[in-house]
Amino acid sequence: MVLEKKSSARVEADSRRRVLDEATRQRRLSRQLEALEKDNFQDDPLSSLPPPGPTARLPTFSETEEPEKKKRKTRGDHFKQRFRKNFTTLLEEENLSDRAEPNYLSAEALPSSLPPRLFCCVCGFPSHYTCTTCGGRYCSSKCLLTHRETRCLKWTL
Amino acid sequence: MATLVLDNGAYSAKIGFSQEKVRVIPNCQFRSKTSRLKTFTANQLDEIKDPSGLFYILPFQKGYLVNWDVQRKVWDHLFGKEMFKVDFTDTSVIITEPYFNFSSIQESMNEILFEEYQFQSVLRTNAGSLSAHHFFSSRPSELCCLLVDGGFSFTHIIPYCRSKKMKEGIRRVNVGGKLLTNHLKEIISYRQLHVMDETHVINQVKEDVCYVSQQFFKDMEISQMKGEENTVVRDYVLPDFSSIKKGFCKPREEMVFSGKYKTGEQILRLANERFAVPEMLFHPSDIGIQEMGIPEAIVHSIQSLPEEMHAHFFQNIVLTGGNILFPGFRERLEAELRALAPAHLPVSVLLPDNPICYPWEGGKLLADSPDYEEIVVTREDFEENGHFICEEKFDI
Ligand SMILES: Nc1ncnc2c1ncn2[C@@H]1O[C@H](COP(=O)(O)OP(=O)(O)OP(=O)(O)O)[C@@H](O)[C@H]1O
Ligand SMILES: [Mg+2]
Ligand SMILES: [Zn+2]
Ligand SMILES: [Zn+2]
């Protein structure tokens with residue numbers, strides 16, 4: 001209830017703030033979800049070595065192959081190209097969207113029919129309020145403050 | 001001739017000869033801060049004394065094999081003299097691939113297994129098909145089973161009617177162990193300590209302290225309480241890799257509820273994180289993934305199949321993979337399915353003794369079955385007929 005009383009003052013303050021549009025909010029969400037797919041957040045220790053001296057040589061990518069056991073030459077070399085494609089390219093090449101039989105795309109679970117559950121983006125407890133600027137959720141004025149000071153508009157987009 | 005069974009997961013390879021025991025080995029390479037120039041492969045992870053800031057090089061992306069250089073390094077190591085000493089020309093291999101594996105990846109598999117390694121014969125299949133074989137071998141009177149395969153990259157629901165995979169009923173929920181660990185890392189880093197570079201450590205935290213809640217909103221309330229009343233909260237002592245080699249939970253009686261610990265250890269305090277993280281499996285929309293959770297997707301899968309089979313599926317739901325190992329997972333799934341399924345149908349969710357190796361054990365049984373020779377493709381076959389013969393025989 002206290003929060004409600006203060007709300008007129010808050011609305012005024014909010015109107016001076018930048019408000020993120022729907023498209024930006026969506027972009028922010030997909031960026032967050034992409035981050036959850038990352039293998040690492042830090043740099044590769046190999047590439048973050050201090051700059052080598054004039055005589056030091058870092059092994060380059062191809063040199064990490066061990067030279068002593070020479071691989072049997074096979075068709076392998078012809079289709080090397082195929083071994084260099086990432087997930088997105090491979091998926092596109094499958095041309096699945098116009099396939100009738102069950103496939104990778106059709107197997108994805110549909111959106112849930114249950115109502116969404118909302119949690120405070122600061123502390124993770126159930127939340128009742130939405131940040132008017134970015135659409136993020138919060139549970140208390142304490143968490144709103146933290147949210148504004150940390151992520152609200154500060155997350156680079 | 002020996003048969004090597006390899007359930008080639010995006011996180012771990014479950015591997016062993018069919019006459020021997022299975023081993024679970026990381027299916028990736030690593031680099032560490034302490035020996036930057038060296039790349040460690042698979043179980044060489046054990047040689048890294050200080051795995052803080054461990055850097056992962058993974059062969060899979062979103063569950064599909066894309067980084068062949070890395071995969072071949074791992075396989076060279078596994079098949080080689082340090083580990084399984086495979087005599088390729090006298091060995092048959094059973095190897096798993098993800099459901100709906102892309103055709104170009106399937107072709108690469110054929111070429112690498114037959115032409116590079118020169119296996120005598122090959123059976124390419126899904127982990128689910130091996131699990132189904134395992135299930136029907138131990139329960140010959142059952143007609144159908146519905147597998148839940150919860151791995152690193154995603155969770156699949158795969159219905160089988162005897163050995164037939166019912167493709168139209170397969171469902172994928174894009175929540176796997178990788179997402180859970182990354183999410184846990186993210187919230188810990190925001191709330192208390194920067195651990196974004198500590199995938200290895202936080203993955204262990206996840207496996208040690210997370211659980212599936214049976215009463216989600218009640219646990220939310222409990223985990224918000226102060227002091228002793230908060231029966232959810234745990235203090236996790238992080239490893240420093242010198243005196244503390246492995247992280248662990250402080251025993252309840254040693255917990256300090258207010259104020260600091262006198263000991264110098266680095267502590268993570270985990271409350272709602274413990275159950276909110278695995279909750280993604282039940283409600284992916286909690287973090288904005290617009291997909292059904294596992295219980296809903298199971299019901300949706302069963303409903304897409306012939307009605308006379310429904311009762312059989314609801315009664316034989318089998319959990320496999322590492323990501324369903326959270327305490328409480330089976331009970332919660334069964335309770336939710338009970339509520340969603342038609343009231344007159346019994347619901348039963350089975351948790352095998354070793355869900356991670358359940359497919360591998362199925363492969364072992366298959367390798368020793370009398371008609372094994374008929375379901376493989378030999379190198380001769382492949383040399384004569386190429387990819388075509390593999391497409392004919394393998395059901396990926
Ligand atoms: N006791 C545990 N509690 C919770 N999670 C666990 C436990 N043990 C393993 N896991 C998780 O299970 C995942 C690995 O499971 P599994 O070995 O079945 O995957 P995979 O077969 O390699 O992957 P995929 O099937 O996606 O290719 C990892 O994310 C790991 O953190
Ligand atoms: Mg698996
Ligand atoms: Zn809050
Ligand atoms: Zn905001």
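Reply: A polar contact is a pair of N or O atoms within 3.5 Å; inside protein, one atom must be able to donate a hydrogen and the other to accept it, and residues adjacent in sequence count only through two side-chain atoms. This is a predicted model, where local features need pLDDT of at least 70 and side-chain atom pairs pLDDT 80 or more, while totals for chains, interfaces and linings use all residues. Residues count from 1 along each chain as written, chains are lettered from A and ligands numbered from 1 in written order, and side-chain values use heavy atoms, without hydrogens or water.

Now to ligand 1. A backbone N or O atom of B:Ser153 sits 3.0 Å from an oxygen atom of ligand 1. B:Ser12 puts a polar backbone atom 2.9 Å from a ligand oxygen. B:Lys14 uses its side chain: an N or O atom there is 2.9 Å from an oxygen of ligand 1. Alone, ligand 1 exposes 660 Å², and the protein buries 88% of that (Shrake-Rupley areas, 1.4 Å probe).

Step back to the whole shell. It holds 18 residues, each with a heavy atom within 4 Å of the ligand. B:Ala10, B:Tyr11, B:Ser12, B:Glu207 and B:Gly322 are the closest. By type, five are nonpolar, ten polar and three charged (Asp, Glu, Lys and Arg count as charged; Gly counts as polar, Ala and Tyr as nonpolar).

In chain B, strand S2 (12–17) and helix H5 (199–209) each supply at least two shell residues. H5(B) gives the most, with three. Helices here are DSSP runs of at least four residues, strands of at least two, numbered from the N terminus.
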